[in-house]
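Me: I'm new to this one and would like to go through its charged pairs. Could you show it to me first?

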Amino acid sequence: MPFSEVIGQDRAISVLKRSIALERVAHAYLFSGIDGCGKKKTALAMVQAVFCGKEEACGVCSSCRKIASGQHPDLHILEPDGAFIKIDQVRELQKELSYRPFEAPKKACIIDGAEKLNLASGNALLKTLEEPPGNALMILITAERSAVLQTILSRCQTLDFQPLPAELIEGRLVRDQFPAEAARVAASLSGGSLSRALEVAGDGVLEGRVSFLERVLALNLKDINTLFSTAEELAADKEGLPGFLELLLSFLRDVLIYRSTPDALANSDLAHLVAREAGRCTEEASIELIEQLVSMRRLLVRNVNARLALEVFFMRLAAR
């Protein structure tokens, strides 16, 4: 996973390459940006480069191959166990970092989901962030910097990762053999996330989005049972729910901008449906629904009751 395999993050990669070349690598970084924009790939590329001893990892040596396969003994990746990263996980990581490296010049860890460090686990990590044992390299990753403990933020060098341009995502999808039209629509719906675009293009989301949108937009307060059953069904699909909400958010944004820039729709192939909804929903109502949907998505990340959150949002949507 050399830096050259990461797309659309030239500024962040330039900073990291320069620090490696000048031998001024910080002991702790926080990579912040939306899911699917290349943060973890960049973190792996940086560890490869540091272990390889080069500004750009060779990608073929034993160390590079082990990192690429997830088998390097000196790289530790920590992810949430359930809703949070738990204190026992942090203590186990600290124990691993305290040992001498097996092969690499230093130990390294990637903490994926830094916003999931709660007060106890976050506080346990502080001293390690301040003084990593053996000059270990620590890279924290988050899609929600505002949810990361301030004490953690203050001890890391932060690098912001930008949403990827749609044309870059479209080009990558075409290169990966997706049909051109599916690549174009998936890129426009991705919100700058390559992983999201891959989900949209490959998991049948495009095929089902019209029926999903028609179903949700038809909800009304006179048929509350259908509204509640729709919320229950979507809440039960924990893996698919984020994708459905992203589709709805993209559509509502199109409804908002349709009056002023109808040629700039993400869902350009659904312009007739966007136009119909724009005729039913005022600009103020569209803004309010978008804000409510964004707020609900944040709450869902924090493990609130998905069914209840959807019921409340659908009632607001139905009352537009």
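**Salt bridges, pair by pair**

Reply: Let's start with Asp-176, which forms a salt bridge with Arg-175, their closest N and O atoms being 3.8 Å apart. A salt bridge here is a side-chain nitrogen of Lys or Arg within 4 Å of a carboxyl oxygen of Asp or Glu. This is a predicted model, where local features need pLDDT of at least 70, side-chain atom pairs count only at pLDDT 80 or more, and totals for chains, interfaces and linings use all residues. Residues are numbered from 1 along each chain as its sequence is written, and side-chain values use heavy atoms, leaving out hydrogens and water.

Me: Is Arg-175 buried or exposed?

Reply: Buried means under 20% relative accessible area, exposed over 50%, and partly exposed in between (1.4 Å probe, protein chains only). Asp-176, at 34%, is partly exposed. Arg-175 has a relative accessible area of 54%, so it counts as exposed.

Me: Which residue forms a salt bridge with Lys-40?

Reply: The closest N and O atoms of this pair are 3.8 Å apart. Lys-40 is partly exposed at 29% relative accessibility. Its salt-bridge partner is Asp-112.

Me: How many residues apart in sequence are the parts that Lys-40 and Asp-112 tie together?

Reply: Helices (H or I, at least four residues) and strands (E, at least two) are DSSP runs, numbered from the N terminus. Lys-40 sits in helix α2 (residues 39-52) and Asp-112 in strand β3 (residues 108-112), so the parts they tie together are 72 residues apart in sequence.

Me: And how many salt bridges does a search of the whole structure find?

Reply: Lys-40 with Asp-112 is a salt bridge, and so is Arg-307 with Glu-232. For the whole structure, the search finds 21.
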